[in-house]
Amino acid sequence: MSNLFSWREVAATEGSVVAPDERLPWLQTGAMGVQHVIAMFGATVLAPILMGFNPNIAILMSGIGTLIFFLVTGGKVPSYLGSSFAFIGVVIAASGYAGKGPNANIAVALGGIVACGVVYILIGALVQAIGTGWIERFMPPVVTGAVVAVIGLNLAGVPIKNMAASNFDSWMQAVTFLCVGLVAVFTRGMLQRLLILVGLILATLVYAALTNGMGLGKPVDLGGIANAAWFGMPTFTAPVFTANAMLLIAPVAIILVAENLGHLKAVTAMTGRNLDPYIGRAFIGDGIATVVSGASGGTGVTTYAENIGVMAATRIYSTAVFVVAALIALVLGFSPKFGALIQAIPLPVMGGVSIVVFGLIAIAGAKIWVDNKVDFSQNKNLIVAAITLIIGTGDFTLKFGDFALGGIGTATFGAIILYALLGRTRNA
């Protein structure tokens, strides 16, 4: 256990890579942890809101889930666990959620989420016992790269359509991603490493100057921070197990497997470390975290591509950063005041940051193709990738009675099935 929390301290030099078993000095590691919390916050809060769940519990469970994942993987896999969007459609179908306010049938949905986590754990145990060969035959790099890319592309509509209510807000989104871009290209050292956080702060200052100072848009409101309590216990909800909800929600485990495998392949490509021996553990850790979250009133969780995007930009893969981020999330979960501080960030600014982060996710998928030398002169690979990207980005949905499979789900299963139907003439 002592080795689990032992990282070799390294200095941040321009262009250097910080490996999973290394860390920057603690002050810089803490700053990186804050950046990862900001990267995950928008999606981790948005997903429960769309399902009628309590966002504070979702934040708390993201921290607990990340710590569970860290322990189960032996601290070898840098990942943050946050609310999964793959559950939204099936949770709404299972609970009959009307789309506004608290979900009155949340307990039924939680039972299905717990069942999904159990299935996920069993898949992880099977992988741990017999290896990943059978999964990799179904999900080679052309498939996993497409699935990872689709996750970013499918989420693109969230900031563009839902986080800019006016023309001014759209311009502020542009100002935000321009700030992030300027920090990424024209700064050096730790400022460059903190490109998401620094860009967000700069954009917020510009937004406050234009709104609070010049009256051009909705001003930054700090009243919620002043009125919120420093500490407060969130309201937990116990699951109720019904066959219909479990049958609807449990199959999401397959999507989580594809997501997690794609994320692990992306991190492997970025770090140069072979993480294949930890794939089974990663599935088990994610599954346990989903069970714990569902049993407490939280959403199902998954390894977060948003945070992988941050790692890709900063080249810092230290697992110490994710321990810090998880601890910050625990504080947020028990502190309405800290939650109010994050929620005071103007929505267009968060939207601009989301555009950058979701774009980095899509590029991480493309990087899997490049690093694995996927041959797109083969029609098989070309067709699988082309169809997957379009049905995922366009949110192509298929319904089976009360069960609806949304864009990420149809893209995931579609890529797997297409690759199997089109055969394996050569390595992809």
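# Notebook: aromatic pairs, salt bridges and selected residues

I searched the whole structure for aromatic pairs and found five. I counted rings of Phe, Tyr and Trp (its six-membered ring) as paired if their centres lie within 6.5 Å, with planes under 30 degrees apart taken as stacked, over 60 as edge-to-face and the rest as tilted. The model is predicted, and for that reason I note that local features need pLDDT of at least 70, that side-chain atom pairs count only at pLDDT 80 or more, and that totals for chains, interfaces and linings use all residues. Residues are numbered from 1 along each chain as its sequence is written, and side-chain values use heavy atoms, with hydrogens and water left out.

**Aromatic pairs**

I looked up Trp7 and Phe70, which form a tilted pair with 6.1 Å centre to centre and 35° between the planes. Trp7 lies in the segment before strand S1 (8-9) and Phe70 in helix H2 (residues 55-72), so this pair ties together parts 63 residues apart in sequence. For secondary structure I used DSSP runs, numbered from the N terminus: helices are H or I with at least four residues, strands are E with at least two. Trp7 is buried at a relative accessible area of 13%, and Phe70 is buried at 4%. Here buried means under 20% relative accessible area, exposed over 50%, and partly exposed in between (1.4 Å probe, protein chains only).

I then noted Trp369 and Phe376, whose ring centres are 5.1 Å apart with the planes at 80°, so the pair is edge-to-face. Trp369 is buried, with 13% relative accessible area, whereas Phe376 is partly exposed at 30%. I also recorded that ring pairs link Trp7, Trp26 and Phe70 into a cluster.

**Salt bridges**

My search of the whole structure gave four salt bridges. The criterion was a side-chain nitrogen of Lys or Arg within 4 Å of a carboxyl oxygen of Asp or Glu.

I examined Glu9 and Arg23, whose side chains meet in a salt bridge of 3.2 Å, N to O. The pair links distant parts of the chain, with Glu9 in strand S1 and Arg23 in strand S2 (residues 22-23), 14 residues apart. Glu9 is partly exposed at 47% relative accessibility, while Arg23 is buried at 11%.

Next I checked Asp21, which forms a salt bridge with Arg273, the closest N and O atoms being 3.3 Å apart. Asp21 lies in the loop between S1 and S2, and Arg273 in the loop between helix H13 (252-271) and helix H14 (279-296), so the pair ties together parts 252 residues apart in sequence. Asp21 is partly exposed at 38%, and Arg273 is partly exposed at 35%.

I also found Asp276 in a salt bridge with Lys265, with 3.1 Å between the closest N and O atoms. Asp276 is in the loop between H13 and H14 and Lys265 in helix H13, eleven residues apart. The relative accessibility of Asp276 is 26%, which counts as partly exposed.

Which elements of the chain does Ser83 contact beyond its neighbours within four places in sequence? I listed Ala43, Thr44, Ala47, Pro48, Ala58, Thr299, Gly300 and Tyr304, taking contact as heavy atoms within 4.5 Å. Ser83 sits in strand S3 (residues 81-83) and is buried at 1% relative accessibility. Its side chain reaches the backbone oxygen of Thr44 at 3.0 Å, and a polar contact of 3.0 Å joins the side chains of Ser83 and Thr299. A polar contact is a pair of N or O atoms within 3.5 Å; within protein, one must be able to donate a hydrogen and the other to accept it, and residues adjacent in sequence count only if both atoms are side-chain atoms.

I placed Thr187 in the loop between helix H8 (167-186) and helix H9 (189-193). Thr187 is buried at 17% relative accessibility, and a polar atom of its side chain lies 2.4 Å from the backbone oxygen of Val183.

**Positive phi**

Arg315 lies in the loop between helix H15 (305-314) and helix H16 (319-334) and is partly exposed at 37%. Phi of Asp395 is also positive, near 60°; Asp395 is in the loop between H19 and strand S5 (398-400) and is partly exposed at 42%.
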